[in-house]
Amino acid sequence: IPSCPSTLRAHHKTHAGTSTSSSINLDPSSLIMAKDPKSTKKAATQAKKAAKANAKGTRTQRSVAVRTNCTFRRPNTLKLKRSPKYSRKSVPTRQRLDHYQIIRQPLTTESAMKKIEDHNTLVFVVDWRANKYQIRDAVKGLYDVKAEKINTLIRPDGQKKAFVKLTQDYDALDVANKIGFI
């Protein structure tokens with residue numbers, strides 16, 4: 001150290017409150033490591049201590065959080081998206097209600113025939129699980145007609161009946177002939 005005096009005086013406070021002075025020798029000849037075996041052993045132990053202290057780190061005493069509540073709230077942790085290695089189903093599930101299962105049969109009673117002639121309405125017995133949207137899609141898919149309105153009811157025997165009123169573009173009598181129940 002070029003600009004330092006050969007002896008540095010440091011003042012320390014003792015437990016009683018009085019100050020003492022101690023001197024540390026900073027002679028350039030003492031800063032260079034000596035070659036004798038005693039000082040190399042001392043330097044090696046000192047280096048080991050320094051390495052140990054470096055590995056240990058400065059924060060050795062962890063502070064424990066004081067819990068003032070008896071309820072433990074689990075902290076939010078990392079939630080990864082699922083990325084399965086293989087699909088759990090070997091075959092995809094088939095659609096339970098297709099067009100052929102929704103529309104069971106057309107009704108050919110006298111009142112149903114009167115609806116066809118007078119109100120441009122087809123009457124079908126349908127699956128009880130099918131809703132009006134599914135019935136509309138099934139009629140469009142099977143018979144290529146557009147439904148204006150669909151009314152449904154559950155008959156006393158437990159079957160669902162659907163009244164499919166067709167738009168002005170289609171004639172219910174022609175569709176019934178095409179289906180083949182007139």
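**Helix H6 and its surroundings**

The buried residues of H6 pack against helix H4 (110-119), E4, H5 and strand E6 (160-166). This is a predicted model. Helix H6 spans residues 172-179, and its buried residues are Ala172, Val175 and Ala176. Viewed down the axis of H6, these buried residues fall within an arc of 100°, so they line one face of the helix. An α-helix has 3.6 residues a turn, so residues three or four places apart point the same way. Just after H6, Gly180 takes a positive phi of about 105°.

Along the sequence, the elements follow the pattern β-β-α-α-α-β-α-β-α-β-β-α. The chain has 182 residues, and buried residues make up 20% of them. It exposes about 15700 Å², of which carbon and sulfur atoms supply 53%. Among the contacts with a separation of 6 or more, 50% are between residues 24 or more positions apart.

The structure holds one aromatic pair. Its members are Phe124 and Tyr143, which are stacked, with 5.7 Å centre to centre and 5° between the planes. Phe124 lies in strand E4 (residues 121-126) and Tyr143 in helix H5 (residues 132-143), so the pair ties together parts that are 19 residues apart in sequence. Both Phe124 and Tyr143 are buried.

The loop between H4 and E4 contains Asn120. Is Asn120 buried or exposed? Asn120 has a relative accessibility of 14%; the limit for buried is under 20%, so Asn120 counts as buried. Not counting residues up to four places away in sequence, Asn120 touches Lys115, Val164, Lys165, Leu166, Thr167, Tyr170, Asp171 and Ala172. Of these residues, Ala172 is also one of the buried residues of H6. With Thr167 there is a polar approach: the backbone oxygen of Thr167 lies 3.3 Å from a polar atom of the Asn120 side chain. The backbone of Asn120 has a positive phi of about 55°, although Asn120 is not a glycine.

Asp144 also has a positive phi of about 55° without being a glycine. Its place is in the loop between H5 and strand E5 (147-154). Asp144 is exposed, with a relative accessible area of 55%, whereas Asn120 counts as buried.

Arg88 lies over the face of Tyr86, at 4.3 Å from the ring centre.

Key
Residues numbered from 1 in each chain as written. Predicted model: local features only at pLDDT ≥ 70, side-chain atom pairs only at ≥ 80, totals over all residues. Heavy atoms only, no water. Phe/Tyr/Trp six-rings, centres within 6.5 Å; stacked < 30°, edge-to-face > 60°. Helix = DSSP H or I, 4+ residues; strand = E, 2+ residues; numbered from the N terminus. Buried < 20%, exposed > 50% of the residue type's maximum accessible area, 1.4 Å probe, protein only. Lys NZ or Arg CZ within 6 Å of the ring centre and 35° of its normal. Contact = heavy atoms within 4.5 Å. Areas by Shrake-Rupley, 256 points an atom, 1.4 Å probe, with all protein chains shown as cover. Arc of directions from axis to C-beta. Polar contact = N/O pair within 3.5 Å; in protein donor to acceptor, adjacent residues only side chain to side chain.
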